[in-house]
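Here is a friendly briefing to read alongside the sequence and the model.

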Amino acid sequence: MEETYLLNVEGVRKKILHGGQGELPKFQDGSKITFHFQTLKDDFERTVIDDSREAGIPMEIIVGKMFKLEIWETLLSSMRAGEVAEFWCDAIHTGMYALVSRGMRRIAEGRDPLEGQKHRCGMGNMFDYHSTGYDDLDELQRTPQPLIFIMELFRVEEPSAYKRDTWAMSKEEKLAAVPVLHSEGNRLVLRREFAQAAAKYQEAVICLRNLQAKEKPWEDGWLKLESLVTPLVLNYCQCQLELGEYYEVLEHTTELLQKHNDNAKAYFKRAKAHAAVWNEREAREDFMRVAHLDPSMAAAVKKELKQLGERMRKKHVEDRKRYQGLFQPAQGP
């Protein structure tokens with residue numbers, strides 16, 4: 001099947017190379033579109049600029065999430081599943097392609113797509129745009145021109161039909177996801193699947209931290225979110241204790257205590273991590289803080305201190321034997 005016609009968009013022509021199946025999908029906000037694409041110059045050789053098949057991974061975009069190359073949503077929304085189509089797009093639609101392509105290429109190379117733009121003012125980032133780091137893309141940036149996109153649409157998934165990445169969620173969706181992730185983490189802990197549980201708690205924390213970044217620190221909105229973050233971080237640290245990741249626990253509990261220096265549970269988990277890596281003085285100090293802040297934990301603290309003392313005595317005995325063996329003179333024949 002080969003049919004050429006204009007989309008109802010200025011500066012766009014479409015040619016169907018292979019017909020799709022079924023009805024036109026519903027492209028609602030939040031839908032995930034999965035497709036392969038090839039980008040070509042509109043020259044005699046039809047020079048290939050990019051081809052997603054070379055990376056071996058289909059492209060995915062979320063409808064309504066302001067993908068930088070807005071025309072792609074328009075093109076894809078004219079397609080059926082399984083359809084392959086060729087689109088000619090005038091330069092009015094392709095001016096951002098060089099920057100979009102740079103990001104996609106860096107991801108394919110295993111690099112950060114925002115490399116060079118972090119911690120820079122807007123003016124500094126603007127100067128970066130004079131060079132993409134790729135000669136062919138620099139040429140496109142200097143001389144905007146029509147491009148040809150060949151696209152194969154695989155599927156369109158409704159927002160409820162797939163697991164959405166945190167970055168693609170709205171504020172309401174992130175807030176709704178947190179208790180679900182918390183519950184899943186708890187269920188995995190009961191099954192002693194600590195690594196998987198830690199991942200659930202961590203994902204929930206990321207959702208909340210993203211929302212916190214838009215609030216003013218220590219004001220009501222920020223504090224409300226922080227009250228949800230704290231138990232998730234503590235659960236995450238408990239999983240890391242079970243997995244033997246003691247320095248991970250030290251890092252996260254210390255960060256938590258810098259904000260909440262009266263959290264007995266954070267001190268308790270940090271004390272256990274200190275004890276595990278033989279930081280006896282730090283462990284004892286943290287255990288004593290726990291007993292002072294929460295007398296109901298005094299029995300647990302007493303038990304931990306007893307175990308710590310026994311472990312340290314055993315270690316000192318073993319160390320003495322080891323050192324005696326090192327410095328003992330060798331016996332003659």
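Trp-88 has Ile-148 as its bridge partner in strand S7. The model is a predicted one, in which local features need pLDDT of at least 70, side-chain atom pairs count only at pLDDT 80 or more, and totals for chains, interfaces and linings use all residues. Residues are numbered from 1 along each chain as its sequence is written, and side-chain values use heavy atoms, with hydrogens and water left out.

**Overall picture**

- The protein's secondary structure comes to 13 helices and seven strands; helices (H or I, at least four residues) and strands (E, at least two) are DSSP runs, numbered from the N terminus.
- Of its 333 residues, 39% count as buried; buried means under 20% relative accessible area, exposed over 50%, and partly exposed in between, with a 1.4 Å probe and protein chains only.
- Take the contacts between residues at least 6 apart in sequence: 68% of them join residues at least 24 apart. Contact here means heavy atoms within 4.5 Å.

**Strand S6 and its neighbours**

- Two strands pair if DSSP finds at least two bridges between them.
- S6 (residues 84–89) runs antiparallel to S7, and six bridges join the two.
- How many residues of S6 are buried? Six of its six residues are, so the strand is mostly covered.
- Both faces of S6 are covered: Val-84, Glu-86 and Trp-88 lie buried on one side, and Ala-85, Phe-87 and Cys-89 lie buried on the other.

**The other partner of S7**

- Strand S3 (residues 32–41) is joined to S7 (residues 147–157) by 10 bridges, and the two run antiparallel.
- Within this pairing, Gln-38 has Ile-150 as its partner in S7.

**Helix packing**

- Two packed helices are described by the angle between their axes and the distance between the axes. The axes are lines fitted to C-alpha atoms, for helices over the stretch in contact, and angles run from 0 to 180 degrees between N-to-C directions.
- Helix H7 (residues 171–190) packs with helix H8 (residues 194–212) at an angle of about 160°, their axes 8 Å apart. That makes H7 roughly antiparallel to H8; angles under 35 degrees count as roughly parallel, over 145 as roughly antiparallel, 65 to 115 as roughly perpendicular and the rest as oblique.
- H7 and H8 make a left-handed crossing; a crossing is left-handed if the near helix is turned anticlockwise from the far one by less than a right angle, and right-handed if clockwise.
- Residues of H7 that meet H8 include Leu-175, Val-178, Leu-181 and His-182, while those on the H8 side include Ala-197, Tyr-201, Ala-204 and Cys-207.
- H8 also packs with helix H9 (residues 220–243), at an angle of about 160° and with the axes 9 Å apart. H8 and H9 are therefore roughly antiparallel to each other, and their crossing is left-handed.
- The axes of helix H11 and helix H12 come within 8 Å and cross at roughly 160°. That makes H11 roughly antiparallel to H12.
- H11 passes H12 in a left-handed crossing. The contact includes Tyr-267, Phe-268 and Ala-271 of H11 as well as Ala-283, Phe-287 and Val-290 of H12.

**Cysteines**

- The structure holds zero disulfides, a disulfide being a pair of cysteine sulfur atoms within 2.5 Å.
- Cys-239 is in no disulfide, and its nearest cysteine sulfur, that of Cys-237, is 9.2 Å away.
- Is Cys-239 buried or exposed? Cys-239 counts as buried, at 2% relative accessibility.
- Cys-207 is buried too, with a relative accessible area of 0%.

**Loop residues with positive phi**

- Arg-46 is not a glycine, although it has a positive phi of about 50°.
- Arg-46 lies in the loop between S3 and strand S4 (48–51) and is partly exposed, with a relative accessible area of 33%.
- Trp-278 has a phi near 65°, a positive value in a residue other than glycine.
- Where is Trp-278? Trp-278 sits in the loop between H11 (264–276) and H12 (280–293), and it is partly exposed, with a relative accessible area of 37%.
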